[in-house]
Each structure stands twice: as structure tokens, then as C-alpha cells.
Amino acid sequence: MIRTEDLTKRFNGTLAVDDLTLEVRQGEVFGFLGPNGAGKTTTVRVLAALIAPTAGRAWVNGYRVGREDDAVRASVGILTETPGLYPRLDAEQNLRLFAKLYGVDDVGSQVKKYLTMLGLWERRDEPVGGFSKGMRQKLAIARALLHEPPVLFLDEPTAALDPEAARVVRDFIEELSGQGRTIFICTHNLDEADRLCDRIGVIKQRLIRVDAPEALRRGLYGQSVLIQLQEVTPTLVAAVEALPFVKSVAQVDGCLRVALDDPEAQNPAVVRALVEAGGAVQFVEKEEHSLEQVYFDLMGGS
Amino acid sequence: MNGGRIWAIVEKEWLDMRKNKMVVIMMALLPVLMVGLILGSTFFMQRAPEEELNLNTGSQPFSLPPELAALGAKDGFIALMNDQYMFYLLLIPMALPVYVAAYSIIGEKETRSLEPLLATPISTAELLVGKTIAAVTPAVILAWFSFALVAAGMAFIASPAVFAQLVRPVWTLGMLLLSPLFALLSTSCGVIASSRLNDPRAAQQVTAIFVVPVIGASIAVLAGKIFLNVQVLLWTTAVVALVNLGVLWVAVRLFQRETILTRWK
């Protein structure tokens with residue numbers, strides 16, 4: 001649905017996106033993570049045929065970016081970093097303009113559908129300038145969906161929203177992801193990416209890693225359990241290390257961190273070895289790594 | 001070119017314009033003042049004693065152009081003044097669209113609405129044509145309407161000779177041909193200035209450059225250096241049309257999607 005090959009974008013010699021090769025499948029929710037200036041927005045602008053790539057190739061919904069730009073634009077919806085609405089026009093007028101520009105057949109019913117879906121129908125004739133940030137963001141999402149695009153780009157969809165508004169927007173994105181659309185989200189919100197995205201790409205000009213959130217964690221840290229003991233002694237550490245399936249053992253804050261391939265199957269043997277070596281096991285828990293930790297470790301190593 | 005998309009932009013601009021009180025007031029103010037000034041001054045001049053308007057006296061006598069001398073000192077002078085005023089009426093289509101053009105493009109910068117707009121299948125040409133039609137049309141209509149009001153008023157307050165001078169083909173044609181060209185010129189300048197500037201006021205000031213030749217021409221007429229006839233008018237129209245083409249070419253070249261999206265902050 002979205003494919004890039006060695007996509008590169010420079011602005012007057014400044015490298016914004018470097019050699020990006022990526023494939024996003026139909027119906028997938030893809031998260032694009034990276035610090036400010038990493039090239040996320042530039043990538044979206046290139047893929048939405050707003051700016052031309054300097055080198056490389058890209059296809060969106062089967063159309064070649066740079067050669068079939070009109071078709072690319074007609075088949076994508078985009079939520080830009082700022083909602084970019086016309087404050088003096090009311091909600092309905094804002095949407096009607098874009099429905100006409102996208103060539104929507106039944107402008108009235110399509111506008112009503114999305115205003116209703118996003119809970120804005122009752123306030124359709126109010127100037128958008130008086131709307132809260134959350135309402136403006138919802139309206140901007142509605143605008144991106146009016147022409148029922150198979151590909152949706154969302155650039156920081158919940159940035160600057162209060163938790164309640166952010167939740168409404170997130171829930172709506174979850175709802176959309178169930179409709180078979182390909183959704184490409186640029187975000188700084190790692191929890192959001194973790195919750196919403198099937199796969200995540202981490203970018204800092206170059207693409208650092210792409211995988212499902214869980215696979216990213218496993219790839220970096222493997223799977224480990226934390227075992228809290230009354231007292232950690234060298235004997236106990238040696239007893240665990242002696243087990244053939246244990247990949248590593250480390251002492252962390254009065255606990256043993258044991259890396260395993262299959263914790264559910266191997267934990268009983270680890271506990272048994274500790275008890276037989278005289279250890280008093282208090283708790284055993286699976287160690288969780290947040291996506292934030294994954295992100296910072298990837299960024300640190302890039 | 002897709003007419004539906006162009007019309008959607010025109011509709012949006014007019015809707016936005018109607019809701020922007022500042023633009024509406026600025027657009028209404030100039031024609032009202034101009035029409036009031038022309039009709040008011042003609043009314044009082046027409047009722048003044050003949051000797052007060054006879055400037056062909058004193059140490060530096062002022063002589064009317066031969067074409068107006070036949071009207072007599074008073075009517076000739078009023079007709080000469082009306083020729084001046086007609087130049088000012090031509091400033092209406094020049095001054096008004098720049099308010100709309102500057103706001104309609106710089107306004108997009110301020111609301112950050114240009115990126116979603118350019119993300120639609122609209123082409124740069126369609127967008128600029130839509131914005132230009134939206135800016136030019138009301139200015140031209142207001143200019144024509146002002147001329148029609150002045151002409152209608154003159155029929156009642158001016159002498160038949162003065163009225164005939166005002167509605168002679170040179171001004172009727174001038175209003176018909178030059179108003180759209182001046183409005184287009186002004187709008188293209190607004191587009192150029194807005195593509196490079198962030199302040200609508202600065203964009204408006206750039207257009208002031210084009211007011212200078214019009215004022216210059218009016219002074220030349222007052223000084224008797226030029227008497228406008230249809231031939232002079234048609235040459236002027238051709239020159240303004242050529243200038244328009246040049247300015248329009250620059251405007252389209254400067255209005256680049258990528259530059260605007262990445263450099264407008």
C-alpha cells in the first residue's frame with residue numbers, strides 16, 4: 001500500500017530523509033517515531049505528494065509519487081501537524097470546501113456522516129475559531145476522511161490535546177484501523193504508538209529499526225524475569241547460571257534478572273534450582289520494557 | 001483545469017470575506033468615499049458662480065484643453081475635474097483586490113491551512129485562479145457600480161455638457177477594459193508579495209507602486225499634456241495587459257508548493 005525505495009529528501013543540501021526503504025501493508029497501522037527534525041513530517045509530505053523526493057522512489061496505493069501526484073493526493077487523507085482550518089467558517093463550511101476539492105459525489109451526506117461520527121453535527125454551524133483544540137482536531141480528522149481514502153497520514157494526531165480529547169482521538173483511530181484503511185501515524189507519544197500500531201518504524205533521517213512493538217522489545221532485550229530473593233548470594237547466582245537454558249543472569253536492586261527463551265516453561269526449573277541452593281524466593285515476575293525504553297536505547301545506539 | 005475546484009475556492013474566499021468585517025469595511029469604504037467626493041464636488045461646482053471657476057485669469061492663466069474649451073470656462077473646468085476623478089475611480093479596482101488577495105494568501109499562512117489545501121488534488125494554477133477570481137470580481141463590480149452611480153448622479157446634478165463628457169466612450173470603455181486589468185495586476189502583485197512576505201499590510205504597500213503611474217497620468221491630463229481619447233485608451237489598455245502578463249508569469253513562478261510549505265513559518 002505504501003512502498004519506498006531509497007527515498008531521500010534534501011533541502012538546500014540539508015539531509016532531511018536518507019535512503020528510506022519501507023513497506024507498509026494494506027490495513028496496517030504503522031507508527032513513525034523519531035525526535036524533532038528526524039524527517040517524519042518530511043516523509044509524510046513526500047508520500048502525500050506535497051513535496052518532491054530528491055532521490056529514490058515511492059508508491060502510495062499503487063501510484064508513483066512524483067509521477068502520478070494527482071492520483072496520490074486523491075487516494076490519501078492527511079492530518080497535518082496543525083489542524084489548519086478556516087476559523088471564520090463554520091464546521092460544515094470547512095468540510096464542504098474539502099469535499100468539493102476532493103470531488104466527493106454526495107457532499108452533503110458525506111459531510112453529515114463524519115460530523116455525526118465525530119460528535120460535531122450539533123455544532124456544525126458554529127465558527128471553527130470558537131472550537132476547543134480537541135474539536136478542531138476531530139474536525140481536521142473528519143476532513144481527512146471525507147473522500148474515504150484508503151491511506152491515511154496522521155501527523156501528531158494527539159499532540160497538544162488534553163488527555164480526554166486525546167483519548168477520543170485515539171479511540172477513533174482504533175475504530176478506523178478496523179475498517180481496512182492503511183494508517184501511517186507520526187507521533188512522539190510512545191504509549192499511543194504502542195497501543196495503536198501494528199508495526200513501528202524508528203527514524204533519525206535514516207530508518208533505524210522497523211518491527212512490531214513487542215518484537216522490537218524482544219529484539220533488544222530478549223525475555224527476562226525478575227526474581228526477588230530474601231538474600232542474593234554468589235551461590236544462588238551460580239546455581240541459576242548452571243542451568244543450560246539460561247542466557248544470562250544479572251543482579252539488579254536485590255533481584256536476579258534472568259534472561260530466558262521461554263519463561264513460562266523454564267521458570268519452574270529456575271525457581272527449583274534456587275530453592276535447592278538454599279534461596280528464599282519471594283516474588284517472580286516478568287520484566288516489562290516500555291516502548292520508551294526501547295526508543296531511547298535505539299536512539300542512543302543510532 | 002477543474003472548474004468545480006476553482007469555484008469551490010471562489011465560494012470559500014467570498015464566504016470568508018463576508019465574515020471578515022475588516023475586509024468588507026475596507027472594500028466598501030473606498031467606493032463610497034470616491035462616489036461621494038465626485039458627486040459632492042460636482043454638485044457644489046455646478047452651483048458656483050461662473051467667475052469663481054474661471055481660472056483663465058491672473059498672472060499665470062490656466063487654459064483648458066481645446067477639446068474642453070468649447071464647453072465654456074465653468075463646464076470645461078468641471079469636465080476637466082471629472083476626468084481627474086475618473087482616474088481616481090480607476091484606483092478602486094487597483095486598491096480593493098489587494099486587501100482580499102493579501103488576506104487570502106497570508107491568511108492561509110496564519111491559519112496554517114495551505115498544507116491541507118495543497119494536499120487535495122487541486123493544482124497550483126487552479127488555486128491561484130480561484131483566489132484571483134475571488135479577489136478581482138468584487139473589485140471590478142464595485143468599480144463598475146461606482147462609475148454607474150457617478151454617471152447616474154451626474155445626470156441629475158451636472159449640466160448636460162458635463163454629463164456628456166463624463167459618459168463619453170473613452171471613460172465607458174476605460175472603466176470596462178481597465179478595471180479588470182488593474183484589478184488583475186493588483187491581485188498578481190498581492191500574490192507575489194504574499195508569497196514572500198508575512199504581513200498583509202506589507203503586501204498591500206507593494207501594490208502602491210502601481211498607483212504612481214495612474215496618478216502621474218491624471219496629473220498629465222490636468223496639466224493639459226494629454227487629452228484622453230479612445231486611441232490613447234486602447235494603447236494604454238494594451239500596455240497594461242502586457243504588464244499584467246509579465247506580473248502574472250512572475251506570480252505563478254514564485255508561488256511554489258514546496259517553497260511555501262517548507263519556508264512559511
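**Exercise 1. Determine which strands of chain A pair with β11(A), and in what sense.**

Solution. Start with β14(A), residues 281-286: β11(A) pairs with this strand in the antiparallel sense, over five bridges. The model is a predicted one. Next take β13(A), residues 255-260, which also pairs antiparallel with β11(A), residues 223-229, here over six bridges. Towards β14(A), Gln228(A) stands opposite Phe283(A). Towards β13(A), Gln228(A) stands opposite Cys255(A).

**Exercise 2. Work out the strand order of the open sheet of four strands in chain A, and find which strands stand at the edges.**

Solution. 
- Step 1. β1(A), residues 2-11, and β2(A) run antiparallel and are joined by seven bridges. Within this pairing, Thr4(A) stands opposite Leu22(A) of β2(A).
- Step 2. Val60(A) is bridged to Tyr63(A) in β5(A).
- Step 3. The order is therefore β2-β1-β4-β5 in chain A, an open sheet with antiparallel pairing. β2 (14-24) and β5 (63-64) of chain A each have a single partner strand, so each is an edge strand with one side left without a neighbour in the sheet.

**Exercise 3. Describe how domain 1 and domain 2 of chain A touch.**

Solution. The domain assignment sets domain 1 at 2-211 and domain 2 at 222-301 in chain A. Their C-alpha centres lie 42 Å apart. The contact involves nine residues of domain 1 of chain A and five residues of domain 2 of chain A. On the domain 1 side, at least two residues each come from α7 (190-196), β9 (199-204) and β10 (206-211) of chain A. Of these, α7(A) gives the most, with three residues. By class, the domain 1 side divides into six nonpolar, no polar and three charged residues.

**Exercise 4. Classify the packing of α4(B) against α8(B) by angle, handedness and residue class.**

Solution. 
- Step 1. The axes of α4(B), residues 73-111, and α8(B), residues 169-196, come within 7 Å and cross at roughly 30 degrees.
- Step 2. Angles under 35 degrees count as roughly parallel, so α4(B) is roughly parallel to α8(B).
- Step 3. The crossing of α4(B) past α8(B) is right-handed.
- Step 4. Residues of α4(B) in the contact include Met86(B), Leu90(B), Pro93(B) and Ile106(B); among those they meet in α8(B) are Trp171(B), Phe182(B), Cys189(B) and Ser194(B).
- Step 5. Counted by class, this contact has 17 nonpolar, five polar and no charged residues.

Key: Residues numbered from 1 in each chain as written. Chains lettered and ligands numbered in written order. Predicted model: local features only at pLDDT ≥ 70, side-chain atom pairs only at ≥ 80, totals over all residues. Domains from an automatic or database assignment. Contact = placed C-beta atoms within 7 Å. Nonpolar A, V, L, I, M, F, W, Y, C, P; charged D, E, K, R; others polar. Axes fitted to C-alpha atoms, helices over the stretch in contact; angles between N-to-C directions. Parallel < 35°, antiparallel > 145°, perpendicular 65-115°, else oblique. Left-handed = near helix turned anticlockwise from the far one by under 90°. Pairing = 2+ DSSP bridges.
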